[in-house]
Amino acid sequence: MATANGQTLSERQTEQNSESRQACLEGRVVMLEDRVKGLAACACLMAQGDLVRLEPALRTALDNGVTINELKEAFSQLYAYAGFPRSLNALGVLSKVLENRQPNWQDGKPWTRPAEWDDARKAYELGVKNQTQLSGRVFNYDFCPQDDYYLRSHLFGDIFAGDQLSAADREIVTVAALSGLEGVAPQLAAHKQGAVNMGNSQQLVDALTDWLSSEGYTLKSQWPKGEPNPYGKYFIGQSYLADVGGGVMNVTFEPGCRNNWHVHHRQVQVLICVAGRGWYQEWGKEAVEMTPGTVIAIPAEAKHWHGAQKDAWFQHLTYHKDVQEDASNEWLEPVDDTTYHALHR
């Protein structure tokens, strides 16, 4: 699909992305382009292996100008970070989504076989060049010669030789994927700097990780996640509980997790959202969206529930006040799927 000046939508959005990066370099405020958000969301969910959330994210990304071949390239690249099983699973979801292809979805640039695939020396030399630029210095991993060779020849050579994504976009994809994984903090820090070295601004990289957290794709929080919730039988989905002291508990909800309807007798419960996005609803009233900073004091005897939005992590602190003698909690029926899935922010 061409714009008024003859550019394809993908070309125009790539140009806008470059303009945004330049704006950041000049210290101007920049908004993340929808195309960047689409790539990042899909990469993050692919790395987590969250195929349920990935399917609608793919549709949104395709609607917002990410091309089919760019998504194939992103998922192929990320096998090096999240493994072949999750790469292949994500490609399988993409194939399923394309069974109901929409007219505005673009194939993008035709795929061509990189010349480096037929010349190991060229692939290695390209890998050295890319790795040096990304690292900001010549990088030698003499501790493990096998990985040293794989990184140079395969990851930064063979994989980076593809022309569907720019080097800057490749690092956006990698940062988003690593942001969704646990236990990879050193690699995430290195690739956040690498994303800058490959052409993104520091402001854009920071905005990207903040957006992934604010939208609930990742859980970026200073509060402990805790252990699996011992009250899990009163929840749909997985939650975690951490005692942070002073009578305050931190509850973490995985996407789609919510507790049953319940009542706090003779005490007021206070909720303070500290990360992600969630819902709070009293019986007979509209649901209230909870985002970081939202504080809700739940009246005693009010039937209610709270939990994560279906596509976001959610974390809140909770404590009780105005506690009277014989205060108690009463757990009731689960929140039915019809009620829950009808909620939209």
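Mentor: Start with Glu215: at 14% relative accessibility, Glu215 counts as buried. Buried means under 20% relative accessible area, exposed means over 50%, and partly exposed lies in between (1.4 Å probe, protein chains only).

Trainee: What kind of model is this, and how are residues numbered?

Mentor: This is a predicted model, where local features need pLDDT of at least 70, side-chain atom pairs count only at pLDDT 80 or more, and totals for chains, interfaces and linings use all residues. Residues are numbered from 1 along each chain as its sequence is written, and side-chain values use heavy atoms, with hydrogens and water left out.

Trainee: Which residue forms a salt bridge with Glu215?

Mentor: The general idea: a side-chain nitrogen of Lys or Arg lies within 4 Å of a carboxyl oxygen of Asp or Glu. The structure holds 15 such salt bridges. For Glu215 the partner is Arg277, with the closest N and O atoms 3.3 Å apart. Glu215 sits in the loop between helix 11 (202-214) and strand 1 (227-228), and Arg277 in the loop between strand 7 (268-276) and strand 8 (278-282), so the pair ties together parts 62 residues apart in sequence. Arg277 is buried, with a relative accessible area of 14%. Helices (H or I, at least four residues) and strands (E, at least two) are DSSP runs, numbered from the N terminus.

Trainee: Where do Glu333 and Lys303 lie?

Mentor: Their side chains meet in a salt bridge (2.9 Å, N to O). Glu333 lies in the loop between strand 13 and helix 12 (337-341), and Lys303 in the loop between strand 10 (295-298) and strand 11 (304-308), so parts 30 residues apart in sequence are tied together. Glu333 is partly exposed at 33% relative accessible area. Lys303 is partly exposed at 22%. Elsewhere, salt bridges that share partners join Arg35, Glu70 and Asp169 into one network.

Trainee: Over the face of which ring does Lys303 lie?

Mentor: A charge sits over a ring if NZ of Lys or CZ of Arg is within 6 Å of the ring centre and within 35 degrees of the ring normal. Lys303 lies over the face of Trp283, at 3.7 Å from the ring centre. Lys225 lies over Tyr240, at 4.4 Å from the ring centre.

Trainee: How is a pair of aromatic rings described?

Mentor: By the distance of the centres and the angle of the planes. Rings of Phe, Tyr and Trp (its six-membered ring) pair if their centres lie within 6.5 Å; planes under 30 degrees apart count as stacked, over 60 as edge-to-face and the rest as tilted. A search of the whole structure finds 13 aromatic pairs. In one of them, the ring centres of Trp111 and Trp117 are 5.8 Å apart and the planes are at 50°, so the pair is tilted. Trp111 is partly exposed at 48% relative accessibility, and Trp117 is partly exposed at 37%. Phe235 and Trp331 have ring centres 6.1 Å apart and planes at 50°, so this pair is tilted. Phe235 is in strand 2 (residues 235-236) and Trp331 in strand 13 (residues 328-331), 96 residues apart.

Trainee: Is Phe235 buried or exposed?

Mentor: Phe235 counts as buried, at 12% relative accessibility. Trp331 is partly exposed at 26%. Ring pairs link both into a cluster with Tyr234, Phe253 and Phe314.

Trainee: Which residues does Asn69 touch?

Mentor: Contact means heavy atoms within 4.5 Å. Asn69, in helix 4, touches Asp107, Gly108, Lys109, Pro110, Trp111 and Gln164, not counting residues up to four places away in sequence. Asn69 counts as buried, at 13% relative accessibility.
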